[in-house]
Amino acid sequence: GPASARDRAGCSSATRVARDARAGRAGANARRTTRRATRGDDDGDGADDARGGRFYAYDARTWRAFEDAFGRWPAEAWFAPLQASIALALAGVVDAGYSGDWSRVGALTTEQEAWTRRFVAFVAVAHGVVGAIARDVALKRGADATSANAAFAKTFVVGFVGLVEAAFGGDDEDA
């Protein structure tokens, strides 16, 4: 049946489109998947325009809290060096776990190398999940498939900060 006003209030068009699709409803919102609709500018509540034309990829309240906490990070001068530092540190951890050099020189025991390999596997799974979310967010922001895949790849390497960049980095050309 039709969504109640309470179900549809306080969320962006993209959220309503996704919710309608999951519920099997195909109304005007399900057909309106333009870049403007996915950014949430046309949901009629005025909140998107007041917040600088931002879109809300998922639940509006959760997304606004995420944006308030991390939304300015991609514009900060320290953001790119942070990503490079994370990539370099993770490369060192992968080397420590898989090269065998660290135990040969006595820096790590073989047990510590085994633990490091398990840690790397955990990080790979976690970054893969976060990367999938970053790809989804990039697509919802109107990115093409190549850019969305690049967002996944970058997030797979640097983790959460890649998701922050996919969500809040760059400017929409009509925002």
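This report walks through the confidence, salt bridges, aromatic pairs and nonpolar core of a predicted model.

## Model and confidence

Because the model is predicted, local features need pLDDT of at least 70 and side-chain atom pairs count only at pLDDT 80 or more, while totals for chains, interfaces and linings use all residues. Residues are numbered from 1 along each chain as its sequence is written, and side-chain values use heavy atoms, with hydrogens and water left out.

Let us start with pLDDT, the predictor's confidence in each residue, from 0 to 100. The chain average is 75, and 65% of the residues score at least 70. Helices and strands here are DSSP runs numbered from the N terminus (helices: H or I, at least four residues; strands: E, at least two).

Over residues 1-19 pLDDT stays under 50, and the model has 37 contacts beyond four places in sequence for them. Residues 25-52 also stay under 50, with 62 such contacts in the model. A contact means heavy atoms within 4.5 Å.

## Salt bridges

A salt bridge is counted when a side-chain nitrogen of Lys or Arg lies within 4 Å of a carboxyl oxygen of Asp or Glu. Searching the whole structure turns up three of them. For accessibility, buried means under 20% relative accessible area, exposed means over 50%, and partly exposed is in between (1.4 Å probe, protein chains only).

In helix α8 (residues 101-104), R104 and D101 sit three residues apart, about one turn of the helix, and their side chains meet at 2.2 Å, N to O. R104 is exposed at 61%, whereas D101 is partly exposed at 37%. In helix α9 (residues 110-140), D136 and K140 are four residues apart, which again puts about one helical turn between them. Their closest N and O atoms are 3.5 Å apart. D136 is partly exposed, with a relative accessible area of 28%, while K140 is buried at 18%.

Another bridge joins K154 and E165, with the closest N and O atoms 2.8 Å apart. This pair links distant parts of the chain, 11 residues apart: K154 belongs to helix α10 (residues 145-158) and E165 to helix α11 (residues 160-168). K154 is partly exposed at 35%, and E165 is partly exposed at 26%.

## Aromatic pairs

Now for the rings. Those of Phe, Tyr and Trp (its six-membered ring) pair if their centres lie within 6.5 Å; planes under 30 degrees apart count as stacked, over 60 as edge-to-face and the rest as tilted. The count comes to 11 aromatic pairs. One of them is W63 with F168, whose ring centres are 5.6 Å apart and whose planes meet at 40 degrees, so the pair is tilted. Since W63 lies in helix α6 (residues 60-70) and F168 in helix α11, this pair ties together parts that are 105 residues apart in sequence. W63 is buried at 6% relative accessible area, and F168 is buried at 6%.

F70 and W73 form an edge-to-face pair, 4.8 Å centre to centre with 85 degrees between the planes. F70 counts as partly exposed at 22%, and W73 counts as partly exposed at 24%. Ring pairs link W63, F66, F70, W73, W78, F79, F160 and F168 into a cluster.

## Nonpolar core

A nonpolar core is a set of buried Ala, Val, Leu, Ile, Met, Phe, Trp, Tyr and Cys residues joined through side-chain atoms within 4.5 Å. The largest one has 15 residues, and those with the most contacts inside it are W63, F66, V137, L163, V164, A167 and F168. Elements α6, α9, α10 and α11 each give two or more residues to this core, and α11 supplies the largest share, six residues.

## A buried threonine

Finally, take a look at T116 in helix α9. T116 counts as buried at 9% relative accessibility. Not counting residues up to four places away in sequence, T116 touches V93, A96 and G97.
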